[in-house]
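Here is a short report on one protein. Look at the whole chain before turning to its parts.

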Amino acid sequence: GGAPRSARPERAPRRRGAVRARAVIRQAALRAASCAPPSCSHLLRTRYAPTASVSRISGASAFGWLMGLFRVNAVVAELLASVTNSPTSVMVFAVVLYLILGTFMDSTPATIVFAPLIAPVAARAGVNPIQLGVVVVITLALGLITPPYGLCLLLGASIAKISVREALRDVLIIGGACLAVVALVIVWPDLVLFLPRLLMPNAGV
């Protein structure tokens with residue numbers, strides 16, 4: 001009563017896929033059953049780093065959500081607006097703020113939560129948004145190599161099989177160079193604005 005086999009060609013790829021899936025599952029089960037304790041422990045160690053990374057990012061995102069819920073960003077914005085309107089002071093405050101945030105927050109929630117409070121104050125002080133964006137991005141990148149969050153620092157130390165303290169000695173050199181670049185961008189905005197002005201002369205950068 002059903003349609004002939006040749007009239008239902010779409011079932012053949014499904015059958016082949018199901019057969020291959022069963023073969024993969026069977027092979028994985030056999031390997032897991034024959035896994036010796038040393039190799040199993042090595043497998044667990046290799047899975048630890050990505051799991052720890054995801055856990056840290058999740059915790060940082062939850063912390064950023066809590067800071068937004070309790071309006072910490074609004075309090076910081078009001079404080080900054082009442083203290084100074086100098087472009088250099090606003091940029092230095094942004095650097096210090098994001099350096100502190102980078103030690104315990106991921107860059108994505110830190111940007112989402114605190115960029116809206118820095119941008120209007122910086123605009124009132126006459127800071128170019130491109131200059132501010134470059135400074136914020138470089139400063140948040142430093143958070144990836146500064147403990148305790150220091151995601152790239154922890155992953156690099158884990159891959160190199162050295163302690164975080166040993167890795168931190170070399171990372172400080174890179175961090176110092178990044179801070180020097182940030183200082184140059186704050187003092188000399190044309191360092192990052194000359195290219196947008198060259199490519200988009202009518203954009204008013």
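Among contacts (heavy atoms within 4.5 Å) in the protein between residues at least 6 apart in sequence, 69% join residues at least 24 apart. The model is predicted: local features need pLDDT of at least 70, side-chain atom pairs count only at pLDDT 80 or more, and totals for chains, interfaces and linings use all residues. Residues are numbered from 1 along each chain as its sequence is written, and side-chain values use heavy atoms, without hydrogens and water.

The protein has 9 helices and 0 strands. Helices (H or I, at least four residues) and strands (E, at least two) are DSSP runs, numbered from the N terminus.

| Whole-protein property | Value |
|---|---|
| Residues counted as buried (under 20% relative accessible area, 1.4 Å probe, protein chains only) | 27% of 205 residues |
| Accessible surface (Shrake-Rupley method, 1.4 Å probe) | about 13,200 Å² |

Now to one helix. H8 covers residues 164-187, 24 residues in total. Its C-alpha atoms span 33 Å from first to last, close to the 34 Å expected at 1.5 Å a residue. That expected span is 1.5 Å times one less than the number of residues. H8 bends by about 35 degrees at Asp170; the bend is the angle between axes fitted to the seven residues ending there and the seven starting there.

Which residues of H8 are buried? They are Ala167, Val171, Gly175, Val182, Val185 and Ile186. Their cover includes helices H4 (87-102), H6 (129-142), H7 (151-160) and H9 (190-199). Phe194 lies in H9.

Note on methods:
Buried means under 20% relative accessible area, exposed over 50%, partly exposed in between (1.4 Å probe, protein chains only).
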